Amino acid sequence: MATINLTTADVPIRENRLGSVTGYEGSAGELTRRSRDCSLRERERSFTQCATCASVTAICQVAMIQDAAVVNHAPLGCAGDFANFNFINRAGQARRGWRLANAHLLNSNLDEHDIVFGGAERLKVAVREAMTRFAPKAIFVTTSCASGIIGDDVPAICRELEEELGVTVVSISCEGFRSQIWATGFDAAYHAILRRVVKPAVTKRPDLINVINFWGDDIFTALFGRLGLTPNYVVPFTTVAQLERLSEAAATVQICSTLGTYLAAGLEEHFGVAEVKAPSPYGISGTDAWLRELGRVTGKEAEVEALIAEEHGRISAELAELRARLKGIRGFVAAGAVHGHSLVAILGELGMEVAGATVWHHDQRFDHNDPQGDSLQHVVSEYGDVPFSVCNKQSFEMVNLLNRLRPDIFIVRHNGMAVCGAKLGIPTFLMGDEHFGIGYEGLLNYGRKILDSITNPAFVQNLARHTRLPYTEWWLAQQPFSFLGEEA
Amino acid sequence: MSGVIEQPRHLCMLSAKQSVVAIERAVPIVHAGPGCSGKLWSGLSFCNGFQGSGYAGGGAVPSTNTGEKEVVFGGEERLRSVIEGALKVMDADLFVVLTGCTSDIVGDDTGQVVREFREQGMPIVYAETGGFKGSSFVGHEALLEAVIAQLLDLAAQERVSNLVNVFASVPYLDPFWSGNLEALRELLAGLGLEANILFGPGSGGIEAWRKIPAASFNLVVSPWVGLKAARILEERYGTPFLHYPVLPIGGTETSRFLATVGAFAGVDRGKTAAFIRKEEKRFYYYLERSADFILEFRYDLPGRFVTVCDSLYALAVSRFLVNDLGLLPGRQFITDQTPTEHRESLRAEFAALSPSVSAQVTFTPDGGEVQRELRATKHHQPPLIIGSTWDKDIAAELKGYQVSLSLPVTDRLVLDRSYVGYRGGLRLAEDFYTAILGSYQ
């Protein structure tokens, strides 16, 4: 069954493609059961706080391709995240020992005139300017709410300019209003890459493994090296030529299938690159399963078994010590879908109590449609059921929940959310490096980090004593999900 | 038609939501797409000195998160529902509804929805700030206008003789805004004036705004931002205003500023002079301490300084470097899309930075154009580029020095640092020369 349709300019949004929802309250077990037949329906909130949009997630995947350029076809405010991606770009270059250089980002600066008369001319000017200024190997044009509503035919303009300029010019449809699931922006960026950048493989490299990630530390070179494999990190910090040859890899793995579901499935379906369909490599059982599947796909079963045995032995003493020290500690986790499942796995593996978990959205299925990759089911089977909710970064709900549960540690992954825990005096950390918790060493990393965080809570206690959260007493006395409507 | 923008140094009108966050116990309600508030927070706060969420910013901002349904059928019902929720959930004294591109294009009658709540006695106002309509600076002006027009009674209040409303730094957009406003308040206190700074810690929240009509005058300390509000207040309440276009940094400008304000406010001249004398004594003690280093440093010190800043900083920093430190200006770039009617007066200010020094200015919001111009300029000595973190590459290419003062600032953490006044001048001198010294070690 074809799942990834590369003939259309727009990617189907996750609500329609994966049955994704942003509102749910219950348990992880119930959520997996309801998702099996995709019968779960969206529950909308009558009050909402700001979320994130697909434009952010689309730009985040293409902004750090070192020899490409991004034209953000939008009013200037949509370039509000440029500085952040530039920071990430420079930090990543520094870590790799590369020359530091600004990311190649341009905003078309749509104004009132364009809203009335259309932004086509301005987009053409912007794409030509991108060519002159950056001499890129490819230009990605991201759309906006404004360009979408006024109806600029961005794909047609891109085709016209591609002919004129002689480099790939490709549109990424990521209007914020189209989807409440901001992860749709990842898919939109990957859709553009799959459609217009990746080429069929001329030769295959049996050792090469695509690793779909953000921009975490390089932990896979050493790990994969022991299996005779080489990681190919995508998409940030690649080159266009590297992306053209994604098809040469033996397999694709992902650090989080919320991120990479579309790209991994598309590479398998259209370019014959096997997708490793397994729970994410967090916690011992998840890492074991993930490595075994990688070994099966690449014919490295024996090497994988040796590595697993060796690693289990290596970490066992410290893990036992961490488990003893963390026994009875209650953790709360909030992160983007599968990464949230992964963090629950880590707490479970460390023997901690999971007071609750929230994910920013929930996909009822993945693009590969294989139950073996169901990370939430994996967590429930391995570590037992936990209180679980889906909340698209609604800080009023988070604060209400945390205020009730008062966990010993709050682990969060999204900007602007950590203060929810900190202002309540709950030791809180945001782990920006998504590779920090991966694999066997990642489990120890998390254990040490949690211990450090609860050992000196002075900073969060100071904040709790001297700052106020912006919520009424009335609200804190309500049930946390009382603004969530009935299933549609 | 304005051109494309590389390396943006300000954002869109909806940036006004950060100005709301800067009012104590005020909450913005953003009627826009799901990502607008977050993108603006990232650009104006996080990536601008890592200024943080504040009381009700960051992830706490109520937002309608416009979807396909609102774009097709209109978003007024959704807005009504989110306002109702915000009034129950958020603990605030003032709510400000700000529209984005989606609602302004589809034509929601936001004003009508907000009026329904205000008529029930809710402290709520609104401004149309669709991103395509203008810059962050214009957005801030729209916010000032909205609060004045919709919150304040038309009736005159009894004047408080020493009360003065201050319009200067734009919150968050200027990474040093809160420190700067506090410093202005302290300077004015030295003249016996009580400054109503409206934004930031200790500014008083909605009560401070309600006091606006009681001020004896309004003080605009900026080349153009805030002038519109001062004119509106003059018309509404007959309050006179003083427009002092230069943010005072360092000894020369701050003394001139205090003398001008003192004279306008009718402060006793002896009292003003005594305050200036006391502050100058301290300032020049420290300036003297810098003399041996500045005069004898055997490695390069910058030849010419280049500003790539909004008009507030471009002018203020130039005046300080020319008049206090004796530096000479190179190219000056003003990035804030200064409205045409204010450009001539700015050019005139730069033409007379001191009796013997003038500079030419280029108005452009596009970092690409700045780089092109700087590459085409002959630099006899390493330039000192005062701009944003974007300018690190061009500074390196020209083998110059670079200091980030202007959005985005991602190489510094900014808490209460201020560049205003005598002390602010010393901070700025420290920061410039520290950046230069740092490049040798």
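Mentor: Helices (H or I, at least four residues) and strands (E, at least two) are DSSP runs, numbered from the N terminus, and with these runs assigned, Leu198(B) falls in the loop between strand S6 (194–196) and helix H9 (205–210) of chain B. The model is a predicted one, in which local features need pLDDT of at least 70 and side-chain atom pairs count only at pLDDT 80 or more, while totals for chains, interfaces and linings use all residues; side-chain values use heavy atoms, with hydrogens and water left out. Residues are numbered from 1 along each chain as its sequence is written, while chains are lettered from A and ligands numbered from 1 in the order in which they are written.

Trainee: Why is Leu198(B) called buried?

Mentor: The label buried means under 20% relative accessible area, with exposed being over 50% and partly exposed in between (1.4 Å probe, protein chains only); Leu198(B) has a relative accessible area of 0%, and therefore counts as buried. The phi of this residue, Leu198(B), is near 70 degrees, a positive value in a residue other than glycine.

Trainee: Which peptide bond involving Pro408(B) is cis, and what is its omega?

Mentor: The cis bond runs from Leu407(B) to Pro408(B), with omega near -5 degrees, and Pro408(B) belongs to the loop between strand S13 (401–404) and H17 of chain B. In chain A, a cis peptide bond joins Val234(A) and Val235(A), where omega is about 5 degrees; Val235(A) is placed in the loop between strand S8 (230–234) and helix H11 (240–244) of chain A.

Trainee: How do you know that the span of helix H4 of chain B agrees with its number of residues?

Mentor: The expected span of a helix is 1.5 Å times one less than its number of residues; for the 14 residues of H4(B) (residues 76–89) this gives 20 Å, and because the end C-alpha atoms are 20 Å apart, the two values agree. Among the buried residues of H4(B) are Leu79(B), Val82(B), Ile83(B), Ala86(B) and Val89(B).

Trainee: Why are helices H13 and H17 of chain B described as roughly perpendicular?

Mentor: Axes are lines fitted to C-alpha atoms, for helices over the stretch in contact, and angles run from 0 to 180 degrees between N-to-C directions. The axes of H13(B) (residues 311–323) and H17(B) (residues 421–438) come within 11 Å and cross at roughly 80 degrees. Angles under 35 degrees count as roughly parallel, over 145 as roughly antiparallel, 65 to 115 as roughly perpendicular and the rest as oblique, so H13(B) and H17(B) are roughly perpendicular to each other. Their contact (heavy atoms within 4.5 Å) is made by Val317(B), Phe320(B) and Leu321(B) of H13(B) together with Gly425(B), Leu428(B), Ala429(B) and Phe432(B) of H17(B).

Trainee: What makes Leu144(B) count as buried, and which residues does it touch?

Mentor: Leu144(B), which lies in helix H7 (residues 136–151) of chain B, has a relative accessible area of 1% and is therefore buried. Not counting residues up to four places away in sequence, Leu144(B) touches Phe167(B), Phe199(B), Trp209(B), Gly226(B) and Ala229(B).

Trainee: How do you know that Phe82(A) is buried, and which residues does it touch?

Mentor: Phe82(A), found in helix H4 (residues 82–96) of chain A, has 0% relative accessibility and so counts as buried. Leaving out residues up to four places away in sequence, Phe82(A) touches Ile59(A), Asn72(A), Leu105(A), Leu106(A), Asn107(A), Pro8(B) and Trp390(B).

Trainee: How many residues does each chain give to the contact, and what area do the chains bury?

Mentor: Chain B gives 64 residues and chain A gives 70 residues. Buried area is the accessible area (1.4 Å probe) that two parts lose on being put together, summed over both, and for chain B and chain A it comes to about 5,200 Å², 61% of it on carbon and sulfur atoms. Val4(B), Lys39(B) and Val89(B) supply 14% of the area that chain B buries against chain A, more than any other three residues.
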